[in-house]
Amino acid sequence: MSAAAAAARAARLLLPCLPQTTTTRLLHASASQGAAREASGSFIHPAAVVHPDAVIGQGVSIGPFCTVGPSARIGDACQLHAGSHVVGDTELGEGCIVQTGAILGADIPGQTVIGENNVIGHYATVGIKCQDLKYKTGDECFLHIGRKNEIREYCSIHRSSKSCDCTVIGDNNLIMGSCHIAHDCKIGNNNIFANNTLFAGHVVVEDCTHTAGAVVVHQFCHIGSYSFLGGGSVVAQDVPRYMMVAGDRAELRGLNLEGLRRNGFSDQEVRCLRKAYQKVFMPTITIESSFEERLAELERENELSETPAVSCMVESIRMSFDQGRRGICKFRSWNSS
């Protein structure tokens, strides 16, 4: 059996429900573009279904039983493993790996943009419609993902809930198995989310944070840079920068000292942060002052307030009490009985 005959037979098996005219058109388009794709160094398995209008870069590998839709754009050197799918207006940057069963994009208005050198794990769903009941059918919705992220098996990442917003994920994040990132979330860079971390809609995560497993974060919460969320935590309010929380509902448990050390903070910076934390959250029993008074006193203390890390921590706390924000996680004062 010739290669052309084998390709035609495979397409007939894969497309039993399509009218004969559609099947013929797809086969003819595939044949007409085959020489160009071969010249580009790309390999498309005969059992893959690639729409003739899809844009395929150089050196791309598309395995058996993959589907690539008419609006898809696949960058150079991408690998689509067997049974993966690229749907709707979806752009895949150079050097990405899409593993078996993963689904990228959706046939709804809007766009999914995935940057270079990302790994999308087995059966992950990335760029699909959100689960927000306020979403109106026909509205455009968007997802932008940066570079060098590893999104592991069974993760779900949703597009925005409205056309004026966008779900955003930055660069170099490790998103472990079965994590969920809901509509309109804003994720920064260099974060690590352990298995079953769940972010509700509109959550903001800054840079270099770390969650342990089975963490749940309430909608509209902000997670500050270099913070750590302990395993099983239910986070219902903001986590300030550099801090560690745990519990249901999560409470502040001190500074994320190990995270600060791993990220290159100097001993002097850590000492200043510890003094600032103790002054605000751990007043001695002889000090009778409100939280606001202690925070204001810290801002007046030049030695600490002029340290950039301390200034960032105070800024993070202050912003959590702005209008529309949720305040910070509760803390246990040493004054409490």
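Modeller: What follows covers a pocket, a loop residue and a helix pair in this predicted model.

Biologist: What is the volume of the second largest pocket?
Modeller: The second largest pocket comes to about 190 Å³.

Biologist: Which residues line it?
Modeller: The lining of the second largest pocket is made of Asn-190, Ile-192, Cys-208, Thr-209, His-210, Phe-228, Asn-256, Glu-258, Gly-259, Arg-262 and Asn-263. By type, the lining has 6 polar, 3 nonpolar and 2 charged residues.

Biologist: Which element gives the largest share of that lining?
Modeller: Helix H3, residues 257-262, with 3 residues.

Biologist: Switching to Tyr-226. Where is it found?
Modeller: Tyr-226 sits in the loop between strand E27 (222-223) and strand E28 (228-229).

Biologist: What does Tyr-226 touch, leaving out residues up to four places away in sequence?
Modeller: Tyr-226 touches Asp-207, Cys-208, Thr-209, Tyr-242, Met-243, Asn-256, Leu-260, Asn-263 and Phe-265.

Biologist: How many residues apart in sequence are Tyr-226 and Asn-256?
Modeller: 30 residues apart in sequence, and 7.2 Å apart in space, C-alpha to C-alpha. Asn-256 also belongs to the pocket lining.

Biologist: Now the helices. How do H4 and H7 cross, left-handed or right-handed?
Modeller: The crossing of H4 and H7 is right-handed. The axes of H4 (residues 267-281) and H7 (residues 308-319) come within 9 Å, at an angle of roughly 35°.

Biologist: Which residues make the contact?
Modeller: H4 contributes Cys-272, Leu-273, Ala-276, Tyr-277 and Phe-281, and H7 contributes Ala-309, Val-310, Met-313 and Ile-317.

Biologist: And how do those divide by type?
Modeller: The contact of H4 with H7 has 9 nonpolar residues, no polar and no charged.

Key
Residues numbered from 1 in each chain as written. Predicted model: local features only at pLDDT ≥ 70, side-chain atom pairs only at ≥ 80, totals over all residues. Heavy atoms only, no water. 1 Å grid on protein atoms, 1.4 Å probe; cavity = no way out; pocket = protein on both sides within 12 Å on 5 of 7 lines; lining within 4 Å. Points joined across faces, edges and corners; volume = space filled by probe spheres on them. Helix = DSSP H or I, 4+ residues; strand = E, 2+ residues; numbered from the N terminus. Nonpolar A, V, L, I, M, F, W, Y, C, P; charged D, E, K, R; others polar. Contact = heavy atoms within 4.5 Å. Axes fitted to C-alpha atoms, helices over the stretch in contact; angles between N-to-C directions. Left-handed = near helix turned anticlockwise from the far one by under 90°.
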